[in-house]
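Trainee: I've got a model open and would like to talk through its strands and loops. Can we go step by step?
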Amino acid sequence: MTCETCNTKFSYFKLLKSFWFAYQDIKCNHCDSTFEHKLSNRVLGGLLVMIPIFISFMVFEDKPVLVPIIGFILMSMVLSLSLPFIMKFSRFD
Ligand SMILES: [Zn+2]
């Protein structure tokens with residue numbers, strides 16, 4: 001993603017961090033524009049938690065409860081690595 005105002009590119013980790021810190025707004029270091037997460041990112045984030053919980057508890061049904069929990073956390077983390085490529089933002093005016 002690039003800044004709409006000055007075209008500065010936001011780093012992958014800046015976007016990922018913003019997701020993990022509860023959809024924190026993103027501020028451009030260059031021109032001070034602020035961007036907020038669009039609703040679709042929150043929907044994606046919700047799915048990213050729901051789907052791994054569902055899959056993990058199905059696959060590890062007969063295992064001790066800690067196993068599906070760890071499975072779900074690992075799956076969410078791996079899936080979230082793709083988020084910076086698909087998240088959308090709008091400028092905060
Ligand atoms: Zn900018």
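Trainee: In what sense do E1 and strand E2 pair, and over how many bridges?
Mentor: Bearing in mind that this is a predicted model, E1 and strand E2, which covers residues 34-37, pair in the antiparallel sense over 2 bridges.
Trainee: And which residue is the bridge partner of Ile 26 in E2?
Mentor: The partner of Ile 26 is Phe 35, which sits in E2.
Trainee: What order do the 3 strands take in the sheet?
Mentor: The sheet is an open one in the order E1-E2-E3, with antiparallel pairing. Strand E1 (26-27) and strand E3 (89-92) are the edge strands, each of them pairing on one side only.
Trainee: Switching to the loops, where is Asp 32 found?
Mentor: Asp 32 belongs to the loop between E1 and E2, and its phi is near 70°, a positive value in a residue other than glycine.
Trainee: Is Asp 32 buried or exposed?
Mentor: Asp 32 is exposed, because it has 10 other C-beta atoms within 10 Å, and a residue counts as exposed with 12 or fewer.
Trainee: OK, and what about Ala 22, what is its phi?
Mentor: Ala 22 is not a glycine either, yet its phi is positive, at about 55°. You will find Ala 22 in the loop between helix H1 (12-20) and E1.
Trainee: Why does Ala 22 count as exposed?
Mentor: Ala 22 counts as exposed because it has 9 C-beta neighbours inside 10 Å.

Conventions:
Residues are numbered from 1 along each chain as its sequence is written. This is a predicted model: local features need pLDDT of at least 70, side-chain atom pairs count only at pLDDT 80 or more; totals for chains, interfaces and linings use all residues. Two strands pair if DSSP finds at least two bridges between them. Helices (H or I, at least four residues) and strands (E, at least two) are DSSP runs, numbered from the N terminus. A residue is buried if 20 or more other C-beta atoms lie within 10 Å of its own, exposed if 12 or fewer, and partly exposed in between; C-beta atoms are placed from the backbone.
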